[in-house]
Amino acid sequence: MSIEPPTDLQTVLDGEVKEWHFHIYFHQKNQKEREAALKLRDAVLRLRRDGAFVAVPLFRVNLEPMGPHPVGSYEIWTPSETFSSVFSYLALYRGDLSILVHPLTRDARADHEVRNAWLGPAFPLDLSTLPVRTEELPSQYQTLKLGYSATTPSLTVEQRLKLGDRVEGILADDKEAAPAPARDDTTTQS
């Protein structure tokens, strides 16, 4: 199945993912892996406390397969505002652990199946436990006012267009950077 990627700015902004899950996997009968996973969780909690990023590991650590996850695991929620910092940290310090990364949208099955990424080797998931689609946006930790609950206004379409023009101008003479095609008259200007 091939999807035509949208290029209408407003459509892309309206569809932007605002919250993410990281599922840290460990073989539940492997003491070394379980200890490594729990040390990583503790490190994430300490770094959140110290302001490195916003990441919320669930209190529960699954010592057995749970839901679609075939081995022991725990979940870390992060808003888009600090996603790259959490991703960077886990990519660098996951050791031998595998981590499933997926967006939170109304389609949990697609999030886990086709919109996912892995740090480390992938594990087969039992997708039969996930709903195909829900009407409710899966916003978590609304009290933090981040992700889907953010109260800070994002850049307007006009501000984004100006930013894009600025970047294109800076890169115009860079022979290593591919130039963007010319903007046509149907680009959203509001």
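1. Ground rules. This is a predicted model, so local features need pLDDT of at least 70 and side-chain atom pairs count only at pLDDT 80 or more, while totals for chains, interfaces and linings use all residues. Residues are numbered from 1 along each chain as its sequence is written, and side-chain values use heavy atoms, with hydrogens and water left out.

2. Aromatic pairs. The structure has 10 of them; rings of Phe, Tyr and Trp (its six-membered ring) pair if their centres lie within 6.5 Å, with planes under 30 degrees apart called stacked, over 60 edge-to-face and the rest tilted. Take Trp-20 and Phe-83: the ring centres are 4.5 Å apart and the planes sit at 35°, so this pair is tilted. The pair joins distant parts of the chain, with Trp-20 in strand β1 (residues 19-26) and Phe-83 in helix α3 (residues 83-93), 63 residues apart. Helices (H or I, at least four residues) and strands (E, at least two) are DSSP runs, numbered from the N terminus. Both Trp-20 and Phe-83 are buried, where buried means under 20% relative accessible area, exposed over 50%, and partly exposed in between (1.4 Å probe, protein chains only).

3. Another pair in helix α3. Tyr-89 and Tyr-93 have ring centres 4.9 Å apart and planes at 45°, so they are tilted as well. They are 4 residues apart in helix α3, which means about one helical turn separates them. Tyr-89 counts as buried because its relative accessibility is 18%, whereas Tyr-93, at 52%, counts as exposed.

4. Cluster and charge over a ring. Trp-20 and Phe-83 turn up again in one aromatic cluster, together with Phe-22 and Phe-87. Separately, Arg-41 lies over the face of Tyr-74, 5.9 Å from the ring centre. The rule here wants NZ of Lys or CZ of Arg within 6 Å of the ring centre and within 35 degrees of the ring normal.

5. The second largest pocket. Its volume is about 330 Å³, and 15 residues line it, with Gly-15, Thr-105, Arg-106, Arg-115 and Arg-133 nearest its centre. The lining splits into 7 nonpolar, 2 polar and 6 charged residues. On a 1 Å grid over the protein atoms alone, a pocket is an open set of points where a 1.4 Å probe fits, with protein on both sides within 12 Å along at least five of seven lines; lining residues have an atom within 4 Å of a point. The volume is the space filled by probe spheres set on the points.

6. Salt bridges. The count is 6, using a side-chain nitrogen of Lys or Arg within 4 Å of a carboxyl oxygen of Asp or Glu. One of them ties Glu-16 to Lys-18 at 3.0 Å, N to O. Glu-16 is partly exposed at 33% relative accessibility, and Lys-18 is partly exposed at 22%.

7. Salt bridges within helices. Asp-42 and Arg-46 have their closest N and O atoms 2.9 Å apart; they are 4 residues apart in helix α2 (residues 31-49), so about one helical turn lies between them. Asp-42 is partly exposed at 34%, as is Arg-46 at 44%.

Note on methods:
Nonpolar A, V, L, I, M, F, W, Y, C, P; charged D, E, K, R; others polar.
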